[in-house]
Amino acid sequence: MTLLYYTPGSKKWKNSKGTVTGRVIVRGKTIKNMKSQEVMEMARPPSKETKRDRTQESIVNALRKNDLTENFIADKVEEYMSFYDDLLYINDALTDMKSSGYEDIKKYTEATGEKRRISGEMRKILEFLGLKPTVVPLPMGGGSDEEL
């Protein structure tokens, strides 16, 4: 991420390499007349809580679109979000194990196995709810894997 700074006196955006020319775009929005603190707040990646809320909101909106609003459906969404939280915990634990040079391969293998099991349960819940990811067509041809 590149941090941009606005100098009110010069009315120019700057980064560590100098003045930024052209439009400044943050998260798809053209920025004009904003202070650097506002840009940094917009450019900051979403927190885990925000991602969780967006995920839950996305599932609920998809279910509403399909006219599925019964109580047992809401229970399934809560179950999915519980698995989501468990998966975040395991991912954090695995990251900590990797960064600290953790040498107990058995515990690491158990954690990755649990991660696969939880992911499978989450997929089953989405299938039960009738929610499947959309298929994104990949370009065919002589492109290399690096382009993906």
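## Overall architecture

The protein comprises four helices and five strands, where helices (H or I, at least four residues) and strands (E, at least two) are DSSP runs numbered from the N terminus. Read from the N terminus, the order of elements is β-β-β-β-β-α-α-α-α. This is a predicted model, in which local features need pLDDT of at least 70 and side-chain atom pairs count only at pLDDT 80 or more, whereas totals for chains, interfaces and linings use all residues. Residues are numbered from 1 along each chain as its sequence is written, and side-chain values use heavy atoms, with hydrogens and water left out.

## Burial, surface and contacts

Of the 148 residues, 21% are buried; buried denotes under 20% relative accessible area, exposed over 50% and partly exposed in between, with a 1.4 Å probe and protein chains only. The accessible surface amounts to about 11,600 Å², and carbon and sulfur atoms contribute 51% of this area. Accessible areas were computed by the Shrake-Rupley method with a 1.4 Å probe, and for residues only the protein chains shown count as cover.

Among contacts (heavy atoms within 4.5 Å) with a separation of 6 or more, 50% join residues 24 or more positions apart.

## Helix H4 and its cover

Helix H4 spans residues 105-128, a run of 24 residues. The distance from its first C-alpha to its last is 35 Å, close to the 34 Å expected at 1.5 Å a residue; the expected span is 1.5 Å times one less than the number of residues. Just after H4, Gly130 adopts a positive phi of about 80°.

The buried residues of H4 are Ala111, Thr112, Ile118, Gly120, Met122 and Ile125. Their cover includes helix H3 (71-99).

H3 and H4 pack at an angle of about 155°, and their axes lie 9 Å apart. This makes H3 roughly antiparallel to H4. Axes are lines fitted to C-alpha atoms, for helices over the stretch in contact, and angles run from 0 to 180 degrees between N-to-C directions; those under 35 degrees count as roughly parallel, over 145 as roughly antiparallel, 65 to 115 as roughly perpendicular and the rest as oblique.

Helix H2 (residues 48-65) packs with H3 at an angle of about 150°, with the axes 11 Å apart. H2 and H3 are therefore roughly antiparallel to each other. Residues of H2 including Lys48, Arg52, Ile59 and Leu63 belong to the set that meets residues of H3, among them Ile73, Tyr80, Tyr84 and Asp92.
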